[in-house]
Amino acid sequence: MQTRAKEIIVKQDKIQGIITRDDIFIPAENIIVALSPSQSADLLESHITINRPVEYPICTVYLQYSAHIRLSTPMSGMTGTLSQWIFDRSEQTPGLMAVVISGPGKHENMSKDDLISHVCKEIHQMQPSLPEQADHCLVIREKHATFACTVDNEKNRPHSQTNISGLWLAGDYIANNYPATLEGAIRNGNNCAKLLATSLR
């Protein structure tokens, strides 16, 4: 559909459908909301309460080198540097590296060019076979990418099934045994789908 839902319609504690940002009503008996905690809280504030945890940013710096460039391993962790993880994406795009910086830090106030230059130097120091500068670069900053894994947040994580018939929750913030991870999001998605399927029997 390639459109956003701006409102979820509920009557007598039962899902009726959604209204898109283009003011089109789409009827539905079941809706799965798989958003960040703050986005879910905004969308659902008229219907259920979702705790708003402290959210952390994730910054990814994509570095495109010559197609023959490879790392010795698909993923490497880095310590004592601004860069935290480097992923070799050459299987998808030859010569492409993704450098990930998770959480708050001085990189948030760095310009795009300064950040790219800093990261390139760190990567070159770790892997001297890589050029000092990449051919092309892209910086993606996600300000609300993940949530802080604290005791209070753990207590307040919601469950997939809500008290509104037909309204389901998924995403990494939903209660499980994992912190803010892709694995947790996958588990929650699978569990949510199973619960919904069971409710239809």
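**Figure 1. Lys6 and its salt bridge with Asp23 in the predicted model.** Lys6 is partly exposed, its relative accessible area being 46%. In this predicted model, the side chain of Lys6 forms a salt bridge with that of Asp23, with 2.3 Å from N to O. The two residues belong to distant parts of the chain and stand 17 residues apart. Lys6 is part of strand β1 (residues 5–11), whereas Asp23 falls in the loop that joins β2 (14–20) to β3 (25–27). Asp23 has a relative accessibility of 55% and therefore counts as exposed, the cut-off for this class being over 50%.

**Figure 2. The salt bridge between Arg52 and Asp42.** The closest N and O atoms of this pair are 2.5 Å apart. Arg52 is partly exposed, at a relative accessible area of 44%. Asp42 is likewise classed as partly exposed, with 45% relative accessibility.

**Figure 3. The salt bridge between Glu154 and Arg157.** Here the closest N and O atoms are 3.0 Å apart. Glu154 counts as partly exposed, with a relative accessibility of 44%. Arg157, by contrast, has a relative accessibility of 5% and is therefore buried, as this class covers values under 20%.

**Figure 4. Salt bridges of the model taken together.** The count comes to three salt bridges. Side chains of opposite charge can pair when their charged atoms come close. The pairs are Lys6 with Asp23, Arg52 with Asp42, and Glu154 with Arg157.

Key. Residues numbered from 1 in each chain as written. Predicted model: local features only at pLDDT ≥ 70, side-chain atom pairs only at ≥ 80, totals over all residues. Heavy atoms only, no water. Salt bridge = Lys/Arg side-chain N within 4 Å of Asp/Glu carboxyl O. Helix = DSSP H or I, 4+ residues; strand = E, 2+ residues; numbered from the N terminus. Buried < 20%, exposed > 50% of the residue type's maximum accessible area, 1.4 Å probe, protein only.
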